[in-house]
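Okay, thanks for coming, everyone. Let me put the structure up, and then I'll walk you through a few spots.

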Amino acid sequence: MAVYKRSYKVYDGPLTPTGSRFLVLSRYSAASLFESRYFTVFTVLCLVPALIGAATIYFVHSATTQLLLGMRLSSTDLINNVWFWGFLQSQVWLAFVMTVWAVPGMMTRDLANHALQLYLSRPLSRPEYLLGKVSAVVLLLSAITWIPGLLLFGLQAQLEGHGWGSEHLWLIGAIFIGCLLWVTVIALMAMALSVWVKWRIAASGLMFAVFFVLPGLGEAANAILHTQWGRLLSVPYVMTLIWTHLFRLPDRFIHGFNYAGVPLWSAWASVLSVCLICIMLLNQRLRAREVERG
Amino acid sequence: MKAENNKIVFENVSKFYGEVLGVNRVNLALPPGVTSLVGPNGSGKTTLMNLMTGLIKPTQGRVSVLGLTPDHPEEFFRHVGYCTQFDSFPKGVTGYQFIYQSLKLHGISNNEAQRLTKEAIERVNMGEAASRRIAGYSKGMRQRIRLAQSIAHHPTVLVLDEPLNGLDPMARAESITLFQALGKDGLHVIISSHVLHEVDKISDQVVLMSYGYVVAEGEIHGVRSEVKEHPMQILVRCSRPNLVASRLFCQDHVVEAKLHVDGMGLLVRTQDADQFYLLLNRIVLEDDIAVETVAPADDDVNSIYQYLIGGSGGTV
């Protein structure tokens, strides 16, 4: 057919920047999560500890309120690195529950239905697809972990004054790095396990197994081999070891909870290894096609 | 413009999934128009489609689509639209959202994406159902909305894996008309289908595949004439068929002439169709035969499939 007769032509209008294209996937992934009323309610509940924390900070700084309740509290004794660590402990475990709830459904559905082909037959690479999904999860988990943590830090620094904020600047790094590390590990692990088993319930179950059964196996190995290295199989243990150092928790804290035993570097190496294994698994299993063998 | 820039080219392409053969040593140059990929399950049709849509990379050889490769995804995917065979949709989305989202992934701005979404929905006659959730669609509606998302960004290469599956006769006819219209517009429309008689109706050329190899490719009549070991069958409805049969049977290239029971026609099997037609013309003029119909009886995809690959006809 002569070119001039063609009524059909390729779209040649303006395009959005390629670097931000993955955000389309993040937006739709997050939106699909909030279609569940239960999930929305749970997300709101995850912010309750932050509200309680804010109320506590206000209370210890408000002489009027303390007078009304007949109490006398010292803000510097109460609101410190241990308090922030305690607050984040509740948040990171809520983040864990949220991950187990949200991620397997988000990933397995795409794989079980071969929807990956739909996405990857667009100008969207596998890393960009993963980035789209990860960013949706990380953003969501950040909203209930380090973001409220930093807001509480800001509130405390504002109400305390007298250079408290500048004296405790390191705490910002501890909150941010500690939470982001946790969020990254659980998000990657949930994605890798989901991609591996392609079944939502099994993926959720495996997450619990990795976090609560594997440490038991590690302790069994310790008992049999008379070593401490088995603790590196426990993600909660290695993360707590890192947190205690990041939050500069006192020695009595470490010994009291028996967090000694393996060196700090091995905890970092363990976390890094878990992340690398997850990335390798994702790279291997996240494909736009499947071949049945045998 | 290089000739290759208007073709889908496979140069000695092989694809292995570990030990499993996908396709082997494929050499093709598909021109614009409707091309059908035909072959039994596991013959490599979907692998070939995945290769031309950049979803997988060849183990060996080179694939280029209109001179483009998936190494430049922005330009490549602007030209390629893919409708997979799988019934896969993100959870909870409406037909409109499904197409809109895919256009956003192409990087198309909000206003343009809205316009193109509406246009694609209209093109597949899904206007009334577009605002409903896909989960509530019938199989045929799902197929059509998938088709809409594959054409929404105006690709020049449209790859459709089993696009007629699950469609009712009306939707089938509409889809076929749409494919033909797109083919006439100069698009490359690549279709894999198990419904051979429909493939036959819409295809400009055909690629026959078996066990990962391309068995034959080209324009249907051309492929048929290349299948020398199976004499071509030609149906002739005429007066005095016994006379025609006796005259024809004197020729070496005519291997069989079977009279119809109603005495008004015959089925001829010949190894040289061109010679046969010349001879028939002569007989008709010399003996004053009244001819009602002369038509090839096995010059279609179904017959070619049976001759080259085997198995029953109709649907594969």
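Before anything else, when I say two residues touch, I mean that their C-beta atoms, placed from the backbone, lie within 7 Å. And keep in mind that this is a predicted model.

With that in hand, look at Val38(B). Leaving out residues up to four places away in sequence, Val38(B) touches Leu196(B), Val199(B), Val206(B), Val207(B), Leu208(B), Met209(B), Val301(B) and Tyr305(B).

Now zoom out to the core. The largest nonpolar core has 148 residues, and Val38(B) is among the ones that touch the most other members, along with Ala95(A), Ala187(A), Met189(A), Met191(A), Ala148(B) and Ile190(B). Helix H11 of chain A, residues 169-197, is the top contributor, with 16 residues. There's also a second, separate core of 13 residues, including Ile234(B), Val244(B), Leu248(B) and Leu280(B).

Okay, on to where the chains meet. Chain A puts 34 residues into the contact and chain B puts in 36. On the chain A side, the elements giving two or more residues are helix H1 (22-33) and helix H7 (116-120). H7(A) has the largest share, four residues. By type, that side of chain A splits into 16 nonpolar, ten polar and eight charged.

Last stop, a helix pair inside chain A. H3(A), residues 48-61, packs on H9(A), residues 146-160, at about 10 degrees, axes 10 Å apart. Angles under 35 degrees count as roughly parallel, so H3(A) is roughly parallel to H9(A). H3(A) brings residues including Ala50(A), Gly53(A) and Ile57(A), and H9(A) answers with residues including Pro148(A), Leu152(A) and Leu159(A). That contact comes out as seven nonpolar, three polar and no charged residues.

Notes:
Residues are numbered from 1 along each chain as its sequence is written. Chains are lettered from A and ligands numbered from 1 in the order in which they are written. This is a predicted model: local features need pLDDT of at least 70, side-chain atom pairs count only at pLDDT 80 or more; totals for chains, interfaces and linings use all residues. Axes are lines fitted to C-alpha atoms, for helices over the stretch in contact, and angles run from 0 to 180 degrees between N-to-C directions. Angles under 35 degrees count as roughly parallel, over 145 as roughly antiparallel, 65 to 115 as roughly perpendicular and the rest as oblique. Ala, Val, Leu, Ile, Met, Phe, Trp, Tyr, Cys and Pro count as nonpolar, Asp, Glu, Lys and Arg as charged, and the others, Gly among them, as polar. A nonpolar core is a set of buried Ala, Val, Leu, Ile, Met, Phe, Trp, Tyr and Cys residues joined through C-beta atoms within 7 Å. A residue is buried if 20 or more other C-beta atoms lie within 10 Å of its own, exposed if 12 or fewer, and partly exposed in between; C-beta atoms are placed from the backbone.
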